[in-house]
Amino acid sequence: MDKNIQNYINANLNTDLHALLLKNSPFSDVSMHEIVQQIKGKQVALKKFPFLLKEGILFPPQLNLEQSSSEKTAVYKSALLKSEKFIDLTAGFGIDAYYLSENFNEITLVEQNPDLLEIVRNNWNVLGKKATFINQKLEKFLAENKEVFDVVYLDPARRDNNRNKVFLLEDLSPDILAIREELLSSATQVVIKLSPLIDLKYLASVLPAIFRIDIIAVKNDVKEIVIFLSNQKDNKISCNCVNLESDEPVFKFMFGEEENAVAEYGEPEKYIYIPNNAILKAGVFNLISQKMRLKKLHPNSHIYTSDSQINDFPGRVFEMKVIDAKKIQKKSQYNIISKNYPLKPEEIKKKYNIKDGGEKYLIFTQSKKGKIILKSV
Ligand SMILES: C[S@@+](CC[C@H](N)C(=O)[O-])C[C@H]1O[C@@H](n2cnc3c(N)ncnc32)[C@H](O)[C@@H]1O
């Protein structure tokens with residue numbers, strides 16, 4: 001809050017933080033560690049949540065910053081929720097709660113970490129946003145709570161970072177399976193943010209109350225799987241594949257539709273389509289062929305084709321033709337895409353002596369007839 005400290009922080013936004021940590025703090029009542037935490041926070045905020053670049057805002061340690069949702073995905077989720085009473089049971093740094101509660105009148109934040117909750121309380125005060133702040137374990141809160149909320153939101157933390165093992169709900173804090181009954185009886189709707197690593201079929205099997213799943217990518221990088229649960233659902237699950245920061249349309253389907261979908265196969269025609277990563281995560285490889293009336297090149301290639309262009313494809317569209325490998329000029333420049341092909345882009349670049357980048361593309365893949373190379377026209 002001190003003006004001199006704020007000025008020192010702002011003057012050091014681009015300083016090497018390791019070097020800064022070795023220096024003595026110029027202030028008697030604030031350590032260099034605390035100053036560096038605020039500088040790091042501002043650096044992250046610049047990219048991830050610019051609305052927090054205000055005087056008086058405090059930033060938590062790096063782990064809490066990393067765990068926070070980005071402003072972009074939070075804004076998307078907020079447009080889906082509107083009612084009276086909102087509660088975030090895993091408030092963290094409060095980014096999700098700040099946006100998701102926009103269309104609610106009563107807001108409650110629960111967080112087990114007292115220091116973090118105090119930071120959020122300070123920041124919401126600075127931002128002029130009102131809420132009830134509860135420093136408690138959410139399991140205890142749920143056991144004692146008698147109120148019914150319109151929306152209960154959770155963004156559980158990963159317990160460990162072992163990326164190699166199968167990702168289950170039991171690996172999260174809180175364990176959603178252990179509290180699912182309490183969650184469903186405390187709200188009309190339960191909304192949970194999950195990692196893109198989680199398997200959708202597993203989710204649908206262990207949480208039968210799911211009625212909606214959103215797969216959210218930002219610039220084709222899948223960031224979140226968001227599930228919506230309710231006790232009043234019928235037995236259908238609607239799914240939405242979204243690629244934010246692109247002009248690609250949302251791809252909607254009903255869970256299970258892929259099982260009965262039939263793809264039409266064909267050799268490359270004038271237009272080539274690669275679905276965005278939200279769709280690839282959903283695994284609707286046949287459904288996209290059937291719904292968009294596109295031919296698929298190969299069961300494992302997930303590349304599609306048509307003679308006349310369709311405009312509302314949720315992914316990238318190229319105008320291409322099949323070429324002979326001998327026609328690839330040495331030292332020419334291309335963006336290389338390799339899908340269902342034995343060589344990786346790096347290996348392809350070496351083998352054909354191609355430079356990376358430029359406007360044109362080469363796609364190395366397989367059709368039902370075998371290996372093929374496609375080139376932008
Ligand atoms: C991934 S972070 C939430 C980030 C938040 N959505 C945001 O946008 O800033 C998860 C938070 O849940 C809290 N948490 C985990 N288990 C909890 C529990 N059993 N009770 C209360 N809080 C819990 C953690 O302390 C952590 O701050």
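Helix 1 (3-11) and helix 3 (32-48) each supply at least two residues of the lining of the second largest pocket. Helices here are DSSP runs of H or I with at least four residues, strands are runs of E with at least two, and both are numbered from the N terminus. Helix 3 gives the most to this lining, with five residues. The pocket has a volume of about 300 Å³. Of its 15 lining residues, Met1, Val30, Glu34, Gln38 and Leu58 are the closest to its centre. By class, the lining has nine nonpolar, three polar and three charged residues. Ala, Val, Leu, Ile, Met, Phe, Trp, Tyr, Cys and Pro count as nonpolar, Asp, Glu, Lys and Arg as charged, and the others, Gly among them, as polar.

The model is predicted: local features need pLDDT of at least 70, side-chain atom pairs count only at pLDDT 80 or more, and totals for chains, interfaces and linings use all residues. Residues are numbered from 1 along each chain as its sequence is written, and side-chain values use heavy atoms, with hydrogens and water left out.

Pockets and cavities were found on a 1 Å grid over the protein atoms alone. In a cavity a 1.4 Å probe fits but cannot get out; a pocket is an open set of points with protein on both sides within 12 Å along at least five of seven lines. Lining residues have an atom within 4 Å of a point. Points are joined across faces, edges and corners, and a volume is the space filled by probe spheres set on them.

Two cavities of 30 Å³ or more were counted. Helix 7 (114-127) provides the largest share, four residues. Eight lining residues are nonpolar, two are polar and none is charged. The second largest cavity has a volume of about 30 Å³. Among the residues that line this second cavity are Ile176, Arg180 and Leu229. Helix 9 (176-186) contributes the largest share, four residues.

A ligand nitrogen is 3.0 Å from an N or O atom in the side chain of Asp96. A ligand oxygen is 3.2 Å from an N or O atom in the side chain of Gln112.

Definitions and conventions
A polar contact is a pair of N or O atoms within 3.5 Å; within protein, one must be able to donate a hydrogen and the other to accept it, and residues adjacent in sequence count only if both atoms are side-chain atoms.
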